[in-house]
Amino acid sequence: MSTDVEAPHRGPEGDIDPTEFDRYAVVAFATPDICQDVDEIHALAPPCGLPTLPAHVTVKGTFVEPVDLPEIIARIDRVARATEPIDIRPDRVATLVRPEDASVVVLVRPDPALTDLHSRLWDELHGLGRTIYGREVEGEFTPHLTLVQAIRPDEVPSAMDVIKPRDTQYEFTARTISLVGRRNGTDWETLVDFGLQGAADR
């Protein structure tokens, strides 16, 4: 699967009430056909233990307690305007296991442009919210597209039975990144979309 992508939703930034959202992240949504395929995986695999978004690659990990949401939006926009569209290429399917749960993901091939986007978002947003991913705070960035999230470790074989017959070599060109927010423990929503407009402003 390979095609250009625009984010599937758009939310007017003027309508955002920070008190209505408890978590935020910045993501690059996959194409509609990839989103549909991952939705089908969700329907057949053990249910995810957390609210999910359409298929995406996270480019700035989850943060909470935003200090100044308009400034966060302005800084993401500045980074996006200075960033060219990025080709997202798959590596392999991997299982991420923790004592309490497990997730199955498609790892994304290392790419300097993607790493640079993440680094610039980290630099711009650091101090404007508290990042809750310890590995990101430590400087680690492992881009991936999640297929199944927060299932029990003993449910991984059932999830893999659903995933293995499918072509999960998902490839797309991200031309948009999106600020998303979780509505106080329930659903994630797209708040603002930002076009990747090229390197002219860097």
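Let me start with a pair of helices. Helix 2, residues 69–81, packs with helix 3, residues 112–125, at an angle of about 150°, and their axes are 10 Å apart. Please keep in mind that this is a predicted model.

How are helix 2 and helix 3 oriented, roughly parallel or roughly antiparallel? The cut-off for roughly antiparallel is over 145 degrees, and the packing angle here is about 150°, so helix 2 and helix 3 are roughly antiparallel to each other. Their crossing is right-handed.

Now the residues at that contact. From helix 2 we have Ile72, Arg75, Ile76, Arg78 and Val79, and from helix 3 they meet Leu117, Arg120, Leu121, Glu124 and Leu125. By type, the residues of this contact are six nonpolar and four charged, with no polar ones.

Glu124 and Arg78 form a salt bridge, with the closest N and O atoms 2.9 Å apart. Glu124 belongs to helix 3 and Arg78 to helix 2, so this pair ties together parts that are 46 residues apart in sequence. On accessibility, Glu124 is partly exposed, with a relative accessible area of 21%. Arg78 also counts as partly exposed, at 45%.

That brings me to salt bridges in general. How many salt bridges does the model contain? The count comes to 17.

Take Arg166 and Glu40. Their side chains meet in a salt bridge at 3.3 Å, N to O. This pair links distant parts of the chain, 126 residues apart: Arg166 sits in the loop between helix 5 (156–163) and strand 9 (172–174), while Glu40 sits in helix 1, residues 32–44. Arg166 has 23% relative accessibility, so it counts as partly exposed. Glu40, at 32% relative accessibility, is partly exposed as well.

Next, Glu65 and Arg130. Their side chains meet in a salt bridge at 3.2 Å, N to O. Here too distant parts of the chain are linked, 65 residues apart, with Glu65 in the loop between strand 3 (56–64) and helix 2, and Arg130 in strand 7, residues 130–131. Is Glu65 buried or exposed? The cut-off for exposed is over 50%, and Glu65 has 52% relative accessibility, so it counts as exposed. Arg130, at 45%, counts as partly exposed.

As for the network, salt bridges that share partners join Glu20, Arg183 and Glu189.

Back to Glu65 for a moment, this time for its backbone. Its phi is near 55°, a positive value in a residue other than glycine. Ala150 is found in strand 8, residues 144–151, whereas Glu65 is in the loop between strand 3 and helix 2. The accessibility of the two can be set side by side: Glu65 is exposed at 52%, and Ala150 counts as buried at 14%.

What does Ala159 contact, leaving aside its neighbours within four places in sequence? The contacts are Ala45, Pro46, Val148 and Ile151. Ala159 and Arg130, the partner of Glu65 in the salt bridge above, are 29 residues apart in sequence, and their C-alpha atoms are 32 Å apart in space.

The other residue is Thr58, in strand 3. Thr58 is partly exposed, with a relative accessible area of 25%. Not counting residues up to four places away in sequence, Thr58 touches Val26, Val27, Phe141 and His144.

Key
Residues are numbered from 1 along each chain as its sequence is written. This is a predicted model: local features need pLDDT of at least 70, side-chain atom pairs count only at pLDDT 80 or more; totals for chains, interfaces and linings use all residues. Side-chain values use heavy atoms; hydrogens and water are left out. Axes are lines fitted to C-alpha atoms, for helices over the stretch in contact, and angles run from 0 to 180 degrees between N-to-C directions. Helices (H or I, at least four residues) and strands (E, at least two) are DSSP runs, numbered from the N terminus. Angles under 35 degrees count as roughly parallel, over 145 as roughly antiparallel, 65 to 115 as roughly perpendicular and the rest as oblique. A crossing is left-handed if the near helix is turned anticlockwise from the far one by less than a right angle, and right-handed if clockwise. Contact means heavy atoms within 4.5 Å. Ala, Val, Leu, Ile, Met, Phe, Trp, Tyr, Cys and Pro count as nonpolar, Asp, Glu, Lys and Arg as charged, and the others, Gly among them, as polar. A salt bridge is a side-chain nitrogen of Lys or Arg within 4 Å of a carboxyl oxygen of Asp or Glu. Buried means under 20% relative accessible area, exposed over 50%, partly exposed in between (1.4 Å probe, protein chains only).
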